[in-house]
Amino acid sequence: MALPKNILIVGGGVFGLSTALSLSNRHPSSKVTLLESSPTIPNPEGSSVDTSRIVRADYSNPVYSKLGAAAIDRWRNTEWGADGRYTQNGLMLVYPNGQGNGRDYAMKSYKNVKELEGDMVELLPSKRDVLRAAPAYSEELNVEGGYVNWGSGWSDAGATVAYAKQLLDKEGKAVFRTGEVERLLYDEEEKDKVTGVVLSDDTTLTADLVVLATGAWTAKLIDLRGRTLSTGQALAYMQITDEEQERLYNMPTILNFATGMFIIPPRDNLLKIARHGYGYHNPVTVSVPGPDGKGTMQVSIPEKGVPIPLEGEEAFRDAMKQFLPDLANRPFVKTRVCWYTDTPEGDFIVTHHPTSKNLFIATGGSGHAYKFFPVLGDKVVDAMEGTLDPELQDMWKWPEAKGADVFEGTEDGSRSGQKGLVLMEELTKSKRESKL
């Protein structure tokens, strides 16, 4: 399928940058404009801007395992992974005693990556085996078993986003603009036709095709109720000594899908602990998006610049008592709420909008899109052209809406914790507790 000559990508994160790179290479005659709300890329409020993201082919779904393996090949063997942007230290998936869901996910994942990586994947049937593979962690660890994939690793997210921007700058084929999108612009006569975007200062940008790669902010621009849910995920950093860093430096990343907790090996004397769970909701009343702009709706959208609530901090302390009890009470030097765009099954939404002409959606990362950075843009452009692999096309199609009482968070087997936590309520509780 031929693509239009004037394409506007809204969003300068993983989906937006990778799509711009692929369009620039595959459709050089098209004018590609990338609009980012931040004057700098990486956007400090974006989801892929901090020190580390897990890079894995470790999925219970073999389609994502296959795509992850293709991405890891690029991380290992091309400039994407150079200059410290990728570290292959291994990934250990563990599950606690008596936790069936965590064990099921780990064993399905083990089967998939064993076929891909062979001897690099090692079954760890007991706690003793887990501690043998990761001796820096504590005997207090509540695990029944798991496995380690020495072919997985992690990436410096902020550095890689900056690298992708540098590639685009070097090629000089994409135009960068700064501005915050207020709403989509629709044709006055053909109401279902998108012609561009309206910015917060009332200026407009027009295009033949608008690509929304706006992550957790997308729910404000199109009606995604029952299809996506923006959730805030907790992460924190603590300062550690040179000796403590040396002890943890070459350990595999440890991830417990039953609790959502994971620790990536430290760098620059900072240890990161984070939770991949159901997250916090932030319901806000906004105008219903569309050509008529009538009515209001309540959706969860990101809240910028907030610390994690006390609930998250206490969960991290409890996890550290198992992982590294000698560090469990050390102060956090920084905390952050990182925003996911969750979908019911954790699948991305990469497709033409079903009712709005000239509008393409590239979102729904569900907290696991970053690792595909080196290959994701080509898949997005495949979808634009109508040539996307059938298995991905089926998974990334426009999803059926689920009721609010049904869709409380992603149910792909990788989430845990309490559902329905409201960010502002939890922050209010935190303030009350601090006064006691």
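Start by selecting E115 and K111: they sit four residues apart in helix 3 (residues 100-117), so about one helical turn separates them. Helices here are DSSP runs of H or I with at least four residues, strands are runs of E with at least two, and both are numbered from the N terminus. The two side chains form a salt bridge, with the closest N and O atoms 3.4 Å apart. That term means a side-chain nitrogen of Lys or Arg within 4 Å of a carboxyl oxygen of Asp or Glu. Both E115 and K111 are exposed. For relative accessible area, exposed is over 50%, buried is under 20% and partly exposed is in between (1.4 Å probe, protein chains only).

A word on what you have loaded: this is a predicted model, where local features need pLDDT of at least 70, side-chain atom pairs count only at pLDDT 80 or more, and totals for chains, interfaces and linings use all residues. Residues are numbered from 1 along each chain as its sequence is written, and side-chain values use heavy atoms, with hydrogens and water left out.

Now zoom out. The protein has 10 helices and 24 strands. Its radius of gyration is 21 Å, close to the 22 Å that the globule rule gives for 436 residues, so it is as compact as a globular protein of that length. The radius is taken over C-alpha atoms, and the rule is 2.2 Å times the number of residues to the power 0.38. The C-alpha trace spans about 70 × 55 × 40 Å along its principal axes. Of the 436 residues, 58% are buried.

Back to charges: side chains of opposite charge can pair when their charged atoms come close. The structure holds 24 salt bridges. Pick D50 and K272, one of these pairs, at 3.1 Å from N to O. D50 is in the loop between strand 2 (31-36) and strand 3 (53-55), while K272 is in strand 17 (residues 270-275), so the pair ties together parts that are 222 residues apart in sequence. Are these two buried or exposed? D50 is buried at 10% relative accessibility, and K272 is buried too, at 4%.

Next, go to helix 7 (residues 310-323) and select E313 and R317, four residues apart, about one turn of the helix. Their side chains meet in a salt bridge of 3.7 Å, N to O. E313 is partly exposed at 28%, whereas R317 is buried at 14%. Then select R26, D378, D382 and E385, which salt bridges with shared partners join into one network.

Time for some backbone checks. Most residues other than glycine have a negative phi, and most peptide bonds are trans. Stay with the loop between strand 2 and strand 3, where P42 lies. The peptide bond joining I41 and P42 is cis, with omega about 10°. Which loop holds N269? Look between strand 16 (261-267) and strand 17. N269 has a positive phi, near 60°, and is buried at 18%. N358 also has a positive phi, near 65°. You'll find N358 in the loop between strand 22 (349-352) and strand 23 (359-363), partly exposed at 29%.

D202 is exposed, at 64% relative accessibility.
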